[in-house]
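Welcome, and please get your viewer ready. We will go from stop to stop, with something to select at each one.

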Amino acid sequence: MSPVRVLIVDDDALVRAGLSMILSGDDEVSVVGQATDGSEVPEAVSRLQPDVVLMDIRMPGVDGLAATEALRRRPGAPEVLVLTTFDADEFVLRALRAGASGFLLKDTPPGQIRDAVLRVAHGEATLSPSITRQLIAHVAAGAPPERGHAGQLLDRLSVREREVALAIAQGRSNAEISGQLHMSVATVKAHVSRVLTKLDLNNRVQVALLVHDAGLA
């Protein structure tokens with residue numbers, strides 16, 4: 001299989017160099033380019049055709065949030081992993097809602113960064129599901145969820161699809177959902193695909209956020 005193509009977007013040269021060094025030493029991942037600001041992302045994505053974009057949030061020109069929102073509106077857009085520290089929490093939830101597939105803390109161990117990139121490229125949740133749930137809960141604190149609207153959207157799902165959506169919100173992988181709900185992994189994948197289509201969502205993280213908004217996670 002071809003390596004996963006990665007574009008690194010960060011205004012800090014040391015961060016870009018560190019991520020490039022970490023990922024370039026892996027046969028399954030290829031760093032195809034770097035950008036220093038969100039304004040450079042559209043051209044870089046068109047030219048380099050990455051599978052995954054590692055996107056910093058705080059940049060001096062066009063920030064990562066605006067760049068993510070614009071990128072995810074494009075047909076065939078690459079997946080986006082947000083680069084952040086906990087002091088940027090208020091932006092992370094907005095990035096996830098915009099279609100980012102998850103987030104990486106900038107002090108994440110190298111092996112976990114590689115695993116996160118591969119997971120996202122293959123449609124899985126990113127990093128530790130428990131950390132993702134904690135962050136979502138942290139940034140959402142104090143903002144009342146739109147439970148009525150979220151509940152109405154979830155009512156579109158069949159009973160089985162709803163069970164899969166709840167398992168996704170619990171951070172479970174396809175294999176774990178397979179064991180929990182006693183169905184094959186292929187059937188789980190089919191259910192996940194239908195859930196995303198019925199809810200008009202981009203990825204599993206957005207499913208988790210919707211379930212969270214409905215007060216079910």
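Start by selecting Thr-108 and Leu-105: the Thr-108 side chain reaches the backbone oxygen of Leu-105 at 2.6 Å. Thr-108 sits in the loop between β5 and α5 (110-121), with helices (H or I, at least four residues) and strands (E, at least two) taken as DSSP runs numbered from the N terminus. Thr-108 counts as buried because its relative accessibility is 11%; buried means under 20% relative accessible area, exposed over 50% and partly exposed in between (1.4 Å probe, protein chains only).

A word on the model: it is predicted, with local features needing pLDDT of at least 70 and side-chain atom pairs counting only at pLDDT 80 or more, while totals for chains, interfaces and linings use all residues. Residues are numbered from 1 along each chain as its sequence is written, and side-chain values use heavy atoms, leaving out hydrogens and water.

Next, select Leu-7, Val-9, Val-41, Val-53 and Met-55, which have the most contacts inside the largest nonpolar core, a group of 25 residues. Such a core is a set of buried Ala, Val, Leu, Ile, Met, Phe, Trp, Tyr and Cys residues joined through side-chain atoms within 4.5 Å. Elements giving it two or more residues include β1 (4-9), β3 (52-56) and α11 (204-213). Another core, of 22 residues, lies apart from it, with Val-164 and Ile-168 among them.

Finally, show α8 (residues 159-169) and α10 (residues 185-199), whose axes come within 9 Å and cross at roughly 90°. Axes here are lines fitted to C-alpha atoms, for helices over the stretch in contact, with angles running from 0 to 180 degrees between N-to-C directions. Contact (heavy atoms within 4.5 Å) involves residues including Val-164 of α8 and Val-195 of α10.

Technical notes:
A polar contact is a pair of N or O atoms within 3.5 Å; within protein, one must be able to donate a hydrogen and the other to accept it, and residues adjacent in sequence count only if both atoms are side-chain atoms.
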